[in-house]
Amino acid sequence: MHISEGVLSAPVLITGAALAAAGVAVGLKKMDSDKIPQVAVLSSAFFVASLIHVPIGPSSVHLILNGINGLLLGWMCFPSILVALALQAILFQFGGITVLGVNTVTMALPGVISFYLFHRFVNQQRRLLPLAAAFTCGFLSVLFSGILVAIALVFTQESFMSVAKLIVVAHLPIMIIEGIITLFCVAFLHRVKPELLGGIYGKGS
Amino acid sequence: MEKGHNITIYLLILFFASILVISTNLPVLAHKVIIFAWIEGDTVFTESKFSDGKKAINSQVLVFDRNGKQLLEGKTNNKGKFSFKIPKITDLRIVLNAAMGHKAEWKIPESEIRETMGGSENKAAGWSSQSIGVGLSKEELKELIDESLDKKLRPIVRMMNESQSKGPSVTEIIGGIGYILGLMGVAIYFKNRGKKREVNRDN
């Protein structure tokens, strides 16, 4: 879902870069020194995930993992995803440096949204609710990203509905797989380190 | 103590995840689209694909001249191929527009086209047709050579095409993770330095 270099027009690129800068600033402000390793590890996971290709469906798609990134990091997924995307652009030539801002927003904003939607359910001491929330979180983050990509592409000649439909259909398998991965991550953390799910901003704050 | 435990768990997860990626021989795959073009005779052949080897089918291909004027457009077939007769002797810029914001381009310089179109007669002028001693004119001979060269070079062209589209290597993946861990170190350093300064000021 990386948008390539030279597809978008300058206003879209600048808007994307500005939004990404704002998001990164908020994320960096929320980042305490003891959260930094967590951000780095999730950033690495995002970086590597794009190499895991899912050979189902009509197009070339890969894992994204922005759901779990957002769920565990909140606003801090902006810096996490920015770093991972920058390295993907430099080392793998996915996306590009000029579209870095737009790509960061399309990936990280759904993460932040799903943090606010699902975080409160994930750390509850019930059996099924956290798992269901985790699956929905992974599923919807990819869907939101697809919609944001389509919005970014509206300003080129492609029409919104056709692009959105194409992206959503192509990423349907990914949405389901991401949902399952997020579910397993949450289940695992529940057993091993439940405070990671609850106390990302410290208890009570 | 607890913080240390946290980090250990994360690093373990990361470690196993990267082992999984590297060892399952998942073709290391990518999200990039590539167009590759070469000339045979007076025709330009192009091949388009995603970097995992999946062909970019039914995608728009645009051809521009040096001044950015569009010369022609077409669509790749179900093998990701599209070919066209050279429309004009100029620098050609071939742009592939795959869906979902994927774009790639390939340039063919004018000199290359001139050479293959036989526009460089005077280069061969040093050869006199009599000295060859076969009943072939200079032009016929040149054509024959071109033809067989095209044929002989085709596998090499294909090989280059393949190697062009190779995904990221293990070194790059490990390197990227290394960069992230390094950045983590830098971030921790600066956060802690800020804290220390605050403590000093308080004292």
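**Notebook: strand pairing, helix packing and confidence**

I began in chain B and found Ala37(B) standing opposite Thr46(B) in strand 2 of chain B. I note at the outset that the model is a predicted one.

**Entry 1. Sheets of chain B**

Strand 1 of chain B pairs with strand 2 (residues 43–50) of chain B in the antiparallel sense, over 8 bridges. I then looked up the sheet: 3 strands of chain B form an open sheet in the order 1-2-5, with antiparallel pairing. Strand 1 (33–40) and strand 5 (81–85) of chain B are at its edges with a single partner strand each, so one side of each has no neighbour in the sheet. On average, neighbouring strands of this sheet are turned by 20 degrees against each other, direction ignored.

I turned next to the other sheet entry for this chain. This open sheet has 4 strands in the order 4-3-6-7 (chain B), and its pairing is antiparallel. I recorded strand 4 (70–75) and strand 7 (102–108) of chain B as the edge strands, each pairing on one side only. The twist from one strand to the next averages 20 degrees. Within this sheet I checked strand 3 (residues 60–64) of chain B, which runs antiparallel to strand 6 (residues 92–98) of chain B and is joined to it by 5 bridges. For Val63(B), I found the bridge partner in strand 6 of chain B to be Ile94(B).

**Entry 2. Helix 4 of chain A and its contacts**

I moved to chain A and took helix 4 with helix 5. Helix 4 (residues 77–92) of chain A packs against helix 5 (residues 100–122) of chain A at an angle of about 140 degrees, and the axes are 9 Å apart. The two helices are therefore oblique to each other. I noted the crossing of helix 4 of chain A with helix 5 of chain A as right-handed. On the helix 4 side I listed Cys77(A), Phe78(A), Ile81(A), Leu82(A), Leu85(A), Ala86(A) and Ala89(A), which meet Leu100(A), Asn103(A), Thr104(A), Met107(A), Ala108(A), Gly111(A) and Val112(A) in helix 5 of chain A. By class, the residues of this contact are 11 nonpolar, 3 polar and no charged.

I then examined helix 4 of chain A against helix 1 of chain A. Their axes come within 7 Å and cross at roughly 120 degrees. That angle makes helix 1 of chain A oblique to helix 4 of chain A. Helix 1 of chain A contributes Ala20(A), Gly23(A), Val24(A), Val26(A), Gly27(A) and Leu28(A), while helix 4 of chain A contributes Cys77(A), Phe78(A), Pro79(A) and Leu82(A). I counted this contact by class as 8 nonpolar, 2 polar and no charged residues.

**Entry 3. Helix 3 with helix 6 of chain A**

I looked up helix 3 (residues 66–73) of chain A and helix 6 (residues 129–154) of chain A, whose axes come within 7 Å and cross at roughly 110 degrees. These helices are therefore roughly perpendicular to each other. The crossing of helix 3 of chain A and helix 6 of chain A is right-handed. I found Asn66(A), Gly67(A), Ile68(A), Gly70(A) and Leu71(A) of helix 3 of chain A meeting Cys137(A), Gly138(A), Ser141(A), Val142(A) and Ser145(A) of helix 6 of chain A. The classes in this contact are 4 nonpolar, 6 polar and no charged residues.

**Entry 4. Confidence**

The model has ipTM 0.73 and pTM 0.67. Chain A averages a pLDDT of 84, with 92% of the residues scoring at least 70. For chain B, the mean pLDDT is 73, and 68% of its residues reach 70 or more.

I also listed the stretches under 50. In chain A, pLDDT stays under 50 over residues 200–205, for which the model has 5 contacts beyond four places in sequence. In chain B, residues 23–30 stay under 50, with 18 contacts beyond four places in sequence. Residues 119–130 of chain B also stay under 50, with 9 such contacts. Where pLDDT is low, predicted coordinates should not be read in detail.

Note on methods
Residues numbered from 1 in each chain as written. Chains lettered and ligands numbered in written order. Predicted model: local features only at pLDDT ≥ 70, side-chain atom pairs only at ≥ 80, totals over all residues. Axes fitted to C-alpha atoms, helices over the stretch in contact; angles between N-to-C directions. Parallel < 35°, antiparallel > 145°, perpendicular 65-115°, else oblique. Left-handed = near helix turned anticlockwise from the far one by under 90°. Contact = placed C-beta atoms within 7 Å. Nonpolar A, V, L, I, M, F, W, Y, C, P; charged D, E, K, R; others polar. pLDDT = per-residue confidence, 0-100. Pairing = 2+ DSSP bridges.
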